[in-house]
Amino acid sequence: MRQTARPAPRSPGFGRGVAVVVAVAAVGGGLAAPAGAAAVPGRQALVVLLHDHVARSEPDVHAHRIEAVRARRPLTRVRTRLPVLGETRGPDGTSWLRVGLPGRPNGHEGWITATRTRSAWTTWRLAVSLSGRRVTALHEGRAVRRFRAVIGKPSTPTPRGQFFVEEAVSLSVRDAGGPFALATSARSQVLQEFDGGPGQIALHGTDNLVGRLGSAASHGCVRLSPRAITWLARRVGAGTPVTVSL
């Protein structure tokens, strides 16, 4: 994925502070969760990087180095926001956070120190159903919108797994996939590179592209109508969990 990028409108769906348990409230026009469905957490804890970090395999400065994590995202230069999967203290009292990491291999994670970071959260989640060819937006644990989508074709399938939004990108009227793209931590399992980019999977619009909603026609990205992706870009921000399932 490659774009001339500008940050999308700031999402009201995440904020600073310590995550707390909140009551699940209905949103106007919302969809009730299916009977017997597993409860979906209302909030996801995030961490905002204020400085470059090194992700390690264990919460120890001497543990194996997995990779460097930049404090800003490459497309929009916004602060990196990562989902927090756990936390602990090292023998010397240092606070460590287990976080989801962007890029290959898909779904990998590591430990970073909590120094030079800021706590945050998101109340949004996205669920992509490949068999249903739809995207469900959940707010505070409740499904509030469902959108028809184009998914990856059989030769370049949309990867399944647990991912997150890295950054929200505003595209020009000339760009393919506009008007917005939610660039995720997922990477194509078939294409190591595409159109000059790293084979990054995004949820994006259908501007200047062909392919009927509800079909399998993309190179792995998830395409939504301009109206749908605009609705999401105004609410969903960096760090938002994205689950892609069959």
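Helices (H or I, at least four residues) and strands (E, at least two) are DSSP runs, numbered from the N terminus.

**Figure 1. Overview of the predicted chain.** The model is predicted: local features need pLDDT of at least 70, side-chain atom pairs count only at pLDDT 80 or more, and totals for chains, interfaces and linings use all residues. Residues are numbered from 1 along each chain as its sequence is written, and side-chain values use heavy atoms, with hydrogens and water left out. Of the 246 residues, 50% are buried; buried means under 20% relative accessible area, exposed over 50%, and partly exposed in between (1.4 Å probe, protein chains only). A contact means heavy atoms within 4.5 Å. Among contacts between residues at least 6 apart in sequence, 66% join residues at least 24 apart.

**Figure 2. Strand β19 and its pairing with β10 and β14.** Two strands pair if DSSP finds at least two bridges between them. Strand β19 (residues 241-245) pairs with β10 (residues 124-129) in the parallel sense, over four bridges. With β14 (residues 161-170), β19 pairs in the antiparallel sense, also over four bridges. The residue T243 of β19 stands opposite A127, and T243 is also the bridge partner of Q162.

**Figure 3. The largest nonpolar core.** A nonpolar core is a set of buried Ala, Val, Leu, Ile, Met, Phe, Trp, Tyr and Cys residues joined through side-chain atoms within 4.5 Å. The largest such core holds 28 residues, of which L126, L182, L203, L224, L232 and V242 touch the most other members. At least two residues of this core come from each of β10, β11 (134-139), β12 (142-148), β14, β15 (180-187), β16 (200-204), α1 (226-233) and β19. The largest share, five residues, is supplied by α1.

**Figure 4. The surroundings of L126.** Leaving aside residues up to four places away in sequence, L126 touches T136, A137, L182, L203, L232, V236, T240, P241, V242 and T243. A second, separate core has twelve residues, including V69, V84, L97 and I112.

**Figure 5. Helix α1 and its cover.** Helix α1 is mostly covered, with six of its eight residues buried. These buried residues are A228, I229, T230, W231, L232 and A233. Their cover includes β10, β11, β12, β15 and β16.
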